[in-house]
Amino acid sequence: MVSRRNYIAIVMMLLILFVMFQFSGVMKKQLNEYGENSYAENADTNFTREDAFCPEAGTSADIVYVGNKEGSIGKVVTEFCTYSKKTLRCRQSMAACRIQDDSTATVIIDGRNIVKSQAEVKVLNRLVKEGADVIFASMPDYEVVTSNGILNDMMGIYQNFAPEVKLDGMHLFSGFLMGGEAVYQVRDREDKKRQDLDIEIPWYVTGSGTETYMVGTIPEKTYRNALKMGIAQKFTSVGTDETSTKNTLMPAVIWRNSWNDRQIFCINADFMLDSSGIGILSAIMAEMSDYSLYPVVNAQNFVIANFPAFASENSEGLKENYSQPAEDIYQDIIWPSLSSLAEKTGDLLTCMLTPQFSYSDALEPNPDTAAYYLKLLKEEEAEAGLSATSVEGLPVSEKMAADDMFWEKTAPGYQFRSLYIDGREELEEAGKAGKTRGVRTVVLEEEAEDDPIVGYGEDGMLLQYSTSDGIHHTFQDDFKLRCQETALGYSNIVLNLYHVTYPGNKSDLWQNLGKVVAANAVTYWEPFDSFASTTLSTSDQRIRRFLALDYEEKRNGDSISLTTYHFEEQAYFVLKLHDEKIKSLQGGSYKKLGDGFYLITVKQPEALIRVESTGRW
């Protein structure tokens, strides 16, 4: 039996809960401005292409590149200097080098195309003796290396064993790149699909005084044949165990040698032909001294391109594969999966919307569906951008003109700051069309070998290339991801869902695609989750600030002073320490990234970092 007093108390409590829930729903509806882009309001910056750092050297240079500036390696070196704020001077040949000027810099050489005879080696020897550290971005031909004793000594090569060996994988040791140790070796059927590294390289065995960062792994049969041919006689004669002997004889891929008090780095693979080279150079520069401090973007994007559409397209094909119309597939299947994945990984989504894919049929996009998804994106702290994809392959200007009328009625106040396009041939037109609509960033699906990871287009638009499609993740992709994160603290996953609406085969269906995307995102990007998750508007702002930034740093004892120029609100740096750790930081904050890497957030133009020994020898 409930007393009157208790009954009244229970009723009042229920009324209070009812009012609270109703009030929260009303307030949510009133305060949540679904038709506005909150990220756009906080992502403004005054920096433009004219403010970007230019690496072209004046009287002195931090880096001297010997090779073709317009070649693949030359473009990577230029991009590295642009991002790391280092001045660059280019020489077309060793004969063009000026010993007095160039020996004060770090010399990067396209060894394959530049070092071909004793004459080039003599100039190189003089540069090192005068004080230059050297990076071989590519190795000279095997015959050139084997015929030159000075070159062997300089590179720290103990034995030139074979002009070519077929590897069964590569082993990246921890501490060189972000992300830790990685073994790229085929062990099962799935690994076989992922193997795309160059597994045929010259076989060099390094000697004492060298430090190896990456080696090739060889099959047991190859190792046994090498023993019969006389390799490792000195190693086996001193009684070392077989495992140690085999590890010592692994073909060197990336290593360092100390010679004449200078440091010589060698890259015995074609990693310097694409953006992987930027991360390798960042890691090498960090190995040259007891610390390294360089700026990064600090942005991790997850872009969903062509999701959702607001018209009932390809109904027959979708019903055949899903037994549901397009609207139900997007709402009941795909969106819950994406929302769950974002919650699990902490990613912020940017959905590149298209009212419709086909403009030749009588189907029209539904404004109510568009409003529904803008609400969902707002509630999930996601952002909306625009997509220029169409079934007919319309020019960007025509596609955007057709869509403008729809958006003017549906979301007249929403600021779309980003535009997704399929290919580079549309880039110039996309920039011009986007300028009239407040678009600041153009997203491209994939990056070619000589494309920058981030940068400005000809029209001043910011370009953010896709660094991954979220679906495929080969050995080369994984290595490149580690390199890009090391150099920039940046990634841009662009998941294109056009083929979910217009599937070409069973692998395009979301029940297959979604599992792969979720597994990849959770697994391969997990080591880099200390970097910030961003939408495209936020990353646009950070990239513009990053490209404009310049800085000076100096170490005095246990203190590292940092002065930034073209500073706006905040900037981000990576600090790499060896056998030291950060003790304190004035003018900002920091977090540990692992393997001696720290992410520094600078909140004032000047900062002071104090370090101390870890106590390890």
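Biologist: Are Phe-307 and Tyr-330 buried or exposed?

Modeller: A residue counts as buried under 20% relative accessible area, as exposed over 50%, and as partly exposed in between, with a 1.4 Å probe and protein chains only. Phe-307 and Tyr-330 are both buried. Please note that this is a predicted model, in which local features need pLDDT of at least 70 and side-chain atom pairs count only at pLDDT 80 or more, while totals for chains, interfaces and linings use all residues. Residues are numbered from 1 along each chain as its sequence is written, and side-chain values use heavy atoms, with hydrogens and water left out.

Biologist: How many aromatic pairs does the structure hold?

Modeller: Rings of Phe, Tyr and Trp (its six-membered ring) pair if their centres lie within 6.5 Å; planes under 30 degrees apart count as stacked, over 60 as edge-to-face, and the rest as tilted. The structure holds 23 such pairs. Phe-307 and Tyr-330 make an edge-to-face pair, with 5.4 Å centre to centre and 80° between the planes. This pair links distant parts of the chain, since Phe-307 lies in strand 13 (residues 299-309) and Tyr-330 in helix 15 (residues 326-345), 23 residues apart. Helices (H or I, at least four residues) and strands (E, at least two) are DSSP runs, numbered from the N terminus.

Biologist: What kind of aromatic pair do Phe-310 and Phe-406 form?

Modeller: Phe-310 and Phe-406 are stacked, at 6.1 Å centre to centre and 25° between the planes. Phe-310 is in the loop between strand 13 and helix 14 (315-322), and Phe-406 is in helix 17, 96 residues apart. Phe-310 counts as buried because its relative accessibility is 1%; Phe-406 counts as buried because its value is 11%. Ring pairs link Phe-310 and Phe-406 into a cluster whose members include Phe-307, Tyr-330 and Trp-407.

Biologist: Which element gives the most to the lining of the largest cavity?

Modeller: On a 1 Å grid over the protein atoms alone, a cavity is a set of points where a 1.4 Å probe fits but cannot get out; a pocket is an open set with protein on both sides within 12 Å along at least five of seven lines; lining residues have an atom within 4 Å of a point. Helix 17 gives the most to the lining of the largest cavity, with five residues. Among the lining residues are Met-400, Asp-403 and Trp-407. The largest cavity holds about 60 Å³ of space, where a volume is the space filled by probe spheres set on the points, and grid points are joined across faces, edges and corners.

Biologist: How much space lies in the largest pocket?

Modeller: The largest pocket holds about 1000 Å³. Of its 35 lining residues, those closest to the centre are Arg-49, Pro-452, Gly-455, Tyr-456 and Glu-458. Helix 3 (72-84) contributes the most to this lining, with five residues.

Biologist: Which strands stand at the edges of the open sheet of four strands?

Modeller: Strands of a sheet pair through backbone hydrogen bonds, either parallel or antiparallel. Two strands pair if DSSP finds at least two bridges between them. This open sheet has the order 22-23-28-25, with antiparallel pairing. Strand 22 (550-556) and strand 25 (580-586) stand at the edges, each with a single partner strand, so one side of each is left without a neighbour in the sheet. Strand 22 pairs with strand 23 (residues 559-565) over seven bridges, and Tyr-551 has Thr-564 as its bridge partner in strand 23.
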